[in-house]
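Colleague: Could you walk me through how some of the helices pack here? I'd enjoy going pair by pair.

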Amino acid sequence: MGGGGNLPYNDMETRTKLDPPRPEGGWKGLANLLEALKPGVDTRLDPTPSQITTHIERLLNDGKNEEALAMIEQREAAIKDQRGTDVQLMFQHARALAALGRTSEAVSLYTEMTTRFPELPEPWNNLAALYAQQGELDRAHDALEMALRADPNYPAARANMGDIQLMMALRTYRNAANQGVPGMNAKAREIENMLKESQHR
């Protein structure tokens, strides 16, 4: 049969409880009738673990960190008796904590991940970023070395390593300037400018 027409897409089968209920439309009388006929139970499907992870990721990327953390903690409570570890959920938990300024908790969780899953570069990289924020450049450098050992081509870790090396150079030049070594203040200013440029990339 020709024509190539497609039936209109119906997403009822793919909607989950993470999706908001549909707004009612149409004439008021019809809308009232439909409201009266609406089932008293939620007919949307329970989301799959993958859909939950994707939704949490979206919340984190949109800066809705409190909402993401609440969903993460709810999900962790639901799966606590299951075997194995949801590594992605654990990573998202640490990200949410860091975004909310709960740095010591985030560091603790990332550290646990690097102990249990040393082959993953992302926890090492994010741990390094938190160390750098705290001014612990040597620890940040060591964490980035581990990230790059896990994945030598991991772009975020490579870029962060460059910034950490600049920060370490800046620290060295400032110390030399404080000890009266000529020309060190100018070198420190050059490094500061390079770091400012890298922040705006």
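Modeller: Angles under 35 degrees count as roughly parallel, over 145 as roughly antiparallel, 65 to 115 as roughly perpendicular and the rest as oblique. This is a predicted model, where local features need pLDDT of at least 70, side-chain atom pairs count only at pLDDT 80 or more, and totals for chains, interfaces and linings use all residues. Residues are numbered from 1 along each chain as its sequence is written, and side-chain values use heavy atoms, with hydrogens and water left out.

Colleague: How are α8 and α9 oriented to each other?

Modeller: The axes of α8 (residues 155-178) and α9 (residues 184-199) come within 8 Å and cross at roughly 155°. Axes here are lines fitted to C-alpha atoms, for helices over the stretch in contact, and angles run from 0 to 180 degrees between N-to-C directions. α8 and α9 are therefore roughly antiparallel.

Colleague: How many charged residues does the contact of α8 with α9 have?

Modeller: Contact means heavy atoms within 4.5 Å. Residues of α8 including D163 and R174 meet residues of α9, among them K187 and E192. By class, the contact of α8 with α9 has twelve nonpolar, two polar and, to end on your number, four charged residues.

Colleague: Is E105 buried or exposed, or partly exposed?

Modeller: E105 sits in helix α5, and its C-alpha is 7.6 Å from that of A94, eleven residues apart in sequence. Buried means under 20% relative accessible area, exposed over 50%, partly exposed in between (1.4 Å probe, protein chains only). With a relative accessible area of 37%, E105 is partly exposed.

Conventions: Helices (H or I, at least four residues) and strands (E, at least two) are DSSP runs, numbered from the N terminus. Ala, Val, Leu, Ile, Met, Phe, Trp, Tyr, Cys and Pro count as nonpolar, Asp, Glu, Lys and Arg as charged, and the others, Gly among them, as polar.
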